[in-house]
Amino acid sequence: MADLGISEVRESSFPPVGTFVDSGRLKLVSIIGTGGYGVVYHAVDAHGLECRSYAVKCLIQADERSQSHTREIALHGLACSHPGIVTLHRVVEEDIYRYFIMEYAPDQDLFVQILHKCRYLGNDALVKDAFLQLLDAIEHCHSLGIYHRDLKPENVVCFEDGCRLALTDFGLATTQDTSGEFKTGSVYHMSPGMQYLNFLVRVLRQLQQNVREAMLPMKDFTPLSRAIYGLSELFFLISSLAVIHGSLLHATMRLSVLTAIVPSIFF
Ligand SMILES: Nc1ncnc2c1ncn2[C@@H]1O[C@H](COP(=O)(O)OP(=O)(O)OP(=O)(O)O)[C@@H](O)[C@H]1O
Ligand SMILES: [Mg+2]
């Protein structure tokens, strides 16, 4: 979920509660969740006698992420025949919006169930069952060559008071079995290695900027200072490449220490 400030700004550019969508078939009755790029509504069938509920995720079509929305629809649509994946009934485009019309999970998401309702606390059998359901759902995705990449309690929704779970939000899903992308998903749920990598990238960038600014006047001073400047640039280049590829962490650590030490010897 985005923080409150961003949510408020974003919600103001989305349809207000009470709007009819899907050619007037569905009425948006409340907001269930606000994500980084969209709003999810609880909607009811305006014409049906049963007043059936749906979850409707609304995204802006012209958004710069429009292409990734198309991928989200395709991958979610492919995976959702499994009971552990939220059913995506259809997608409609109206006005400037794209609406994902999905099955509605009445018992909120796993984050709320775990933290606010303490639903699983002390109930090992239920925890085991929940994990097995999630494993089944993920195994199904993998069997189709779909990798979710944003597994977190907020993207698992609950039915039957938290006894039945279903995975949703294929916004970061991919069909590539290897990926050179880093820093996808929420920082809170990244592995310690990935968090460390993020931290390292930030420290390196800051270090590069500081040292460059300090060394720039020395660039044309003496052959020695020119050599030091060139050397430090080389260190920056190698260490950045190592970080980008994420495969030479130890080398990067040593190089980042060196890039910090070398200039400080001379200044
Ligand atoms: N089918 C559903 N039934 C009930 N609630 C849902 C459903 N789908 C999503 N939600 C709620 O809406 C929230 C946001 O949905 P979703 O993760 O799909 O949006 P998002 O914009 O991609 O979010 P983020 O960018 O934060 O990952 C979920 O965390 C969940 O609480
Ligand atoms: Mg989400």
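1. Which residues come nearest to ligand 1? In this predicted model, the nearest are Gly33, Gly35, Gly36, Ala55 and Asp169, out of 22 residues around the ligand.

2. The shell around ligand 1 is made up of 10 nonpolar, 7 polar and 5 charged residues. Four strands each contribute at least two residues to this shell: S2 (26-34), S3 (38-45), S4 (53-60) and S6 (97-103).

3. Those strands belong to an open sheet of 6 strands, ordered S1-S2-S3-S4-S6-S5, with antiparallel pairing. At the edges are S1 (20-21) and S5 (88-94), each of which pairs on one side only. Helix H2, residues 66-79, packs on the sheet and touches S4, S5 and S6. The direction of H2 makes an angle of about 155° with that of S5.

4. On the S1 side, the pairing with S2 is antiparallel and rests on 2 bridges. Here Phe20 has Lys27 of S2 opposite. When reading the strands in the structure, bear in mind that side chains in a regular strand alternate between the two faces of the sheet.

5. Strands S7 (residues 156-159) and S8 (residues 164-167) run antiparallel and are joined by 4 bridges. Val157 has Ala166 in S8 as its bridge partner. The two strands form a hairpin, with 4 residues between S7 and S8. Within that turn, Glu160 has a positive phi of about 45°.

Technical notes:
Residues numbered from 1 in each chain as written. Chains lettered and ligands numbered in written order. Predicted model: local features only at pLDDT ≥ 70, side-chain atom pairs only at ≥ 80, totals over all residues. Near = placed C-beta within 6 Å. Nonpolar A, V, L, I, M, F, W, Y, C, P; charged D, E, K, R; others polar. Pairing = 2+ DSSP bridges. Contact = placed C-beta atoms within 7 Å. Axes fitted to C-alpha atoms, helices over the stretch in contact; angles between N-to-C directions.
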